[in-house]
Amino acid sequence: MAKKTEEIQAQETKPGFNIATFLQGTKEELDKVVWPGRQQLLSESAAVILMVTMSALLIYLVDNLFNWASGKVFG
């Protein structure tokens, strides 16, 4: 246990970038990730596409409303 903490302290005090340590840390973090299943991925992707489409439609309609209103006021 003490040897491991000494190694960690030695790595923390060592200046510079160590690619091996970086890759090891990256792999450890990716092992913690909970990846979604196929069904969850599809349903959440559909929800995102639906919300983006609805937002774009709302922006389009508001833009047309303002265009029409400015035409009536300034046209």
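Across the whole structure, a search finds two salt bridges, a salt bridge being a side-chain nitrogen of Lys or Arg within 4 Å of a carboxyl oxygen of Asp or Glu. The model is a predicted one, in which local features need pLDDT of at least 70 and side-chain atom pairs count only at pLDDT 80 or more, while totals for chains, interfaces and linings use all residues. Residues are numbered from 1 along each chain as its sequence is written, and side-chain values use heavy atoms, with hydrogens and water left out.

**First stop: helix H2**

Please select Lys27 and Asp31, which form a salt bridge whose closest N and O atoms are 3.1 Å apart. The two residues are separated by about one helical turn because they stand four residues apart in helix H2 (residues 19-32). Helices here are DSSP runs of H or I with at least four residues, and strands are runs of E with at least two, numbered from the N terminus. Lys27 and Asp31 are both exposed; exposed means over 50% relative accessible area, buried under 20%, and partly exposed in between (1.4 Å probe, protein chains only).

Next, select Lys32 and Glu29, whose side chains meet in a salt bridge at 3.2 Å, N to O. Both residues lie in helix H2, three residues apart, or about one turn of the helix. Lys32 counts as exposed because its relative accessibility is 59%, whereas Glu29, at 46%, counts as partly exposed.

**Second stop: a nonpolar patch**

Select Phe17, Ile19, Phe22 and Leu23, which make a nonpolar surface patch of about 450 Å². Patches consist of residues with over 30% relative accessible area and no salt bridge, with like charges joined within 9 Å and nonpolar side chains (Val, Leu, Ile, Met, Phe, Trp, Tyr) within 5 Å. The areas come from the Shrake-Rupley method with a 1.4 Å probe; for residues, only the protein chains shown count as cover. Phe17 is found in the loop between helix H1 (2-13) and H2.

How many aromatic pairs does a search of the whole structure find? The search finds one. Phe17 and Phe22 form this pair, which is tilted, at 5.6 Å centre to centre with 50° between the planes. Rings of Phe, Tyr and Trp (its six-membered ring) pair if their centres lie within 6.5 Å; planes under 30 degrees apart count as stacked, over 60 as edge-to-face and the rest as tilted. Phe17 counts as exposed at 61% relative accessibility, and Phe22 is partly exposed at 45%.

**Last stop: residues 41-62**

Finally, select residues 41-62, which UniProt lists as "transmembrane region" in an unreviewed entry. UniProt positions are given in the numbering used here, feature names are shortened, and annotations may be inferred rather than shown by experiment. Over residues 41-62 the chain is 100% helix and 0% strand, with the end C-alpha atoms 32 Å apart.
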